[in-house]
Amino acid sequence: ISLFSVQLSLISSTMVTVLVMCDWENGIFGAVPSDEAQKARGNAMRLLDAARRSSSGVKIVHVCVRFRPGYPEMASRNKFFQPFCVGEALTLEHESAAFINGLEPAAGEPVVVKRRVGAFFHTELESICRALEVQHVILSGIFTSGVILSTTRWASDADYRITVVEDACADPDSEVHRILCAKVLTTQADVLSTEQVCQTI
């Protein structure tokens with residue numbers, strides 16, 4: 001049995017699965033080189049559509065970064081978010097915090113607001129996953145080195161099965177994305193393509 005077959009079997013098993021769409025927002029999406037961002041966006045749209053049509057009942061949750069005006073939640077010591085938190089960027093009603101075209105939440109799909117890198121850190125995502133009895137988390141998002149890496153680490157420690165959809169993620173540094181997907185994330189997650197995942201959900 002090939003490793004690929006094993007991975008597909010895990011995804012198509014009876015585990016309750018949630019697709020977590022991470023940080024598909026104008027202000028974060030714009031930090032990724034255009035060609036790579038658009039490729040990831042197209043694959044994420046295919047993935048989201050497949051999840052919505054899934055016969056196995058895949059759950060969908062959208063995660064986004066949104067601060068209050070003046071950034072009272074953001075410490076000046078936080079190096080990661082400082083470049084983004086300028087003026088009113090990523091504040092609640094600002095255009096930069098809006099979901100990009102084609103990846104907006106549909107009615108009934110929960111939106112989880114986060115104020116740090118990881119999707120689980122001090123958010124409602126864990127409560128939602130527990131309420132739905134989720135065992136398997138599929139991740140797609142912007143900043144492989146940010147939300148995808150941090151969320152994978154947390155989810156692994158919480159004993160979730162994890163799938164990272166490599167070509168439905170992107171990073172400002174394509175080499176960092178490649179290394180993370182090839183050598184780092186594989187230690188805690190199954191790293192698959194959009195095509196592979198869409199065939200099994």
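I looked up how helix 5 (residues 144-157) and helix 6 (residues 174-184) sit in this predicted model, and found that their axes come within 10 Å and cross at roughly 20°; axes here are lines fitted to C-alpha atoms over the stretch in contact, with angles running from 0 to 180 degrees between N-to-C directions. Helices are DSSP runs of H or I of at least four residues, and strands are E runs of at least two, numbered from the N terminus. The two helices, helix 5 and helix 6, are therefore roughly parallel to each other, a term for angles under 35 degrees.

I then listed the contact (heavy atoms within 4.5 Å), which is made by Thr144, Ser145, Leu149 and Arg153 of helix 5 and by Val176, His177, Leu180, Cys181 and Val184 of helix 6.

I noted that residues are numbered from 1 along each chain as its sequence is written. Local features need pLDDT of at least 70 and side-chain atom pairs pLDDT 80 or more, while totals for chains, interfaces and linings use all residues, and side-chain values use heavy atoms, without hydrogens and water.

Of its 36 residues, Leu19, Trp24, Phe67, Phe81, Ile142 and Ile201 touch the most other members. Helix 3 (34-52) is one of the elements that each supply at least two residues of this core, and the largest share, seven residues, comes from helix 3.

I also recorded a second, separate core of 26 residues, which includes Val61, Leu125, Val147 and Ala189.

Technical notes:
Parallel < 35°, antiparallel > 145°, perpendicular 65-115°, else oblique. Core = buried A, V, L, I, M, F, W, Y, C linked by side-chain atoms within 4.5 Å. Buried < 20%, exposed > 50% of the residue type's maximum accessible area, 1.4 Å probe, protein only.
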